[in-house]
Amino acid sequence: CRNALEIAKFLSNHKQIVKTIYPGLNSHPQFDLGKKQMHQSGSIITIEIKGGKENAFNFLNALQLIDISNNLGDSKSLATHPASTTHRVIGEEERQKLNVRDSMVRLSIGLEDTQDLIADIDQALSKLA
């Protein structure tokens with residue numbers, strides 16, 4: 001959870017990120033509720049990457065430390081593209097209603113060194129057009 005909070009803070013200020021969704025950030029619409037209900041804010045971060053699906057895939061493919069997976073919630077950091085995995089059977093219109101965008105990537109942050117994870121994310125984002 002500590003790793004995820006630090007990475008969410010990093011991502012929330014990155015020029016290639018449109019939006020960072022993480023309950024531990026005060027920009028989250030339910031930040032106050034989360035503080036009441038949770039000691040920490042979990043390990044899942046959702047981001048929307050500038051450049052749509054193409055850049056979301058380019059980002060995923062450029063990761064070196066973080067693995068791509070359909071499943072999240074491991075001690076190892078993982079990433080997934082919900083629109084083409086967990087939500088692929090839902091039509092485009094329904095995904096839009098659920099705010100599952102083609103530019104969206106979910107990160108499940110594990111136990112690796114925080115600075116190593118940030119470096120991996122940063123190098124992947126730096127390769128985007």
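**Entry 1: Arg101 and its partner**

I began with Arg101 and found this residue partly exposed, with a relative accessible area of 26%. The model is predicted, and I read every value below with that in mind. I then looked up the salt bridge of Arg101: its side chain meets that of Glu48, with N and O 4.0 Å apart. The two residues stand 53 places apart in the chain, so I noted where each one lies. Glu48 belongs to strand β2 (residues 44-49), whereas Arg101 sits in the loop between α4 (92-97) and β5 (104-108). The pair therefore links distant parts of the chain. Is Glu48 buried or exposed? I recorded a relative accessibility of 9% for Glu48; this residue counts as buried because the value is under the 20% cut-off.

**Entry 2: the other salt bridges**

I next asked how many salt bridges the structure holds. The count is 4. One of them joins Lys9 to Glu6, with the closest N and O atoms 3.8 Å apart. Both residues lie in helix α1 (residues 2-12); because they are 3 residues apart there, about one helical turn separates them.

Asp67 and Lys76 form another salt bridge, at 3.5 Å from N to O. I noted Asp67 as partly exposed at 35% relative accessibility, and Lys76 as partly exposed at 28%. Which residues make up the network of salt bridges? Asp67 and Lys76 are linked in it with Glu112.

**Entry 3: strand β5 and its neighbours**

Which strands pair with β5, and in what sense? Strand β2 runs antiparallel to β5, and 5 bridges join the two. In this pairing I found Ile44 opposite Ser108 of β5. Strand β4 (residues 78-80) also pairs with β5 in the antiparallel sense, over 3 bridges. Here Thr80 has Arg106 of β5 as its bridge partner. I then looked up the burial of β5: 4 of its 5 residues are buried, so the strand is largely enclosed by the rest of the structure.

**Entry 4: the nonpolar core**

The largest nonpolar core has 26 residues. I listed the members that touch the most others: Leu11, Ile45, Ile47, Phe59, Val105, Leu107 and Ile121. Which elements each supply at least two residues of this core? I recorded α1, β2, α3 (52-62), β5 and α5. The largest share, 5 residues, comes from α5. As a general remark, nonpolar side chains tend to be buried together in soluble globular proteins.

**Entry 5: confidence**

The protein chain has a mean pLDDT of 86, and 87% of its residues reach 70 or more. Which element has the lowest mean pLDDT, and which the highest? Helix α2 (residues 31-37) has the lowest, at 64, and helix α5 (residues 114-126) the highest, at 97. Where pLDDT is low, the predicted coordinates should not be read in detail.

Key. Residues numbered from 1 in each chain as written. Predicted model: local features only at pLDDT ≥ 70, side-chain atom pairs only at ≥ 80, totals over all residues. Heavy atoms only, no water. Buried < 20%, exposed > 50% of the residue type's maximum accessible area, 1.4 Å probe, protein only. pLDDT = per-residue confidence, 0-100. Pairing = 2+ DSSP bridges. Core = buried A, V, L, I, M, F, W, Y, C linked by side-chain atoms within 4.5 Å.
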